[in-house]
Amino acid sequence: MRIKKKTWILTFESATQAMAADKFGIEQKLPGRLIPIPREITAGCGLCWKADPKEREKVLEALQAAGHHWEAEYILDL
């Protein structure tokens, strides 16, 4: 049985925003990755950024400084 752990999810309004954030995240070596939105969330474009909740500030600061936009944040047990 897989043990669930707290996961920080960042959703986007469009696939374009999600893909731009993913490209930026890879270039900047930000923690986390782009995944399909979990079933628990009904929001956004179908893609989201997944990372450890401890990395939240680092990711948000980098995205905001680069002018990226997002829709909402969630903490889920995944």
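Trainee: How many bridges join β2 to β3, and do they run parallel or antiparallel?

Mentor: Four bridges join β2 to β3, and the two strands run antiparallel. In β3, L47 stands opposite P36. A word on the source: this is a predicted model, where local features need pLDDT of at least 70, side-chain atom pairs count only at pLDDT 80 or more, and totals for chains, interfaces and linings use all residues. Residues are numbered from 1 along each chain as its sequence is written, and side-chain values use heavy atoms, with hydrogens and water left out.

Trainee: What makes two strands a pair?

Mentor: Two strands pair if DSSP finds at least two bridges between them. Strands themselves are DSSP runs of E with at least two residues; helices are runs of H or I with at least four; both are numbered from the N terminus. β1 and β4 have six bridges and run antiparallel. K6 has D77 in β4 as its bridge partner. β1 and β3 have four bridges, again antiparallel. There, T11 stands opposite C48 in β3.

Trainee: What is the strand order of the open sheet?

Mentor: The order is β2-β3-β1-β4, four strands with antiparallel pairing. β2 and β4 (72-77) are at the edges with a single partner strand each, so one side of each has no neighbour in the sheet. On average, neighbouring strands are turned by 35° against each other, direction ignored.

Trainee: Which residues of α1 are buried?

Mentor: A18, A21, D22, F24 and G25 are buried in α1. Buried means under 20% relative accessible area, exposed over 50%, and partly exposed in between, with a 1.4 Å probe and protein chains only.

Trainee: Why do you say that they line one face of the helix?

Mentor: Seen down the axis of α1, the buried residues fall within an arc of 165°, so they line one face. The arc is taken from the directions from the helix axis to the C-beta atoms. T16, K23 and I26 are exposed, on the face turned away from the buried side. The buried residues of α1 pack against β2 (33-36), β3 (47-51) and α2 (56-65); contact means heavy atoms within 4.5 Å.

Trainee: What puts the buried residues of α2 on the same side?

Mentor: In α2 the buried residues are V59, L60, A62 and L63. They cover an arc of only 165° around the axis, which puts them on the same side of α2. E61, Q64 and A65 are exposed on the other side. The cover over the buried residues of α2 includes β1, α1, β3 and β4.

Trainee: Why is C45 called partly exposed?

Mentor: C45 has 27% relative accessibility, so it counts as partly exposed. C48 has a relative accessible area of 0% and is buried.

Notes: Axes are lines fitted to C-alpha atoms, for helices over the stretch in contact, and angles run from 0 to 180 degrees between N-to-C directions.
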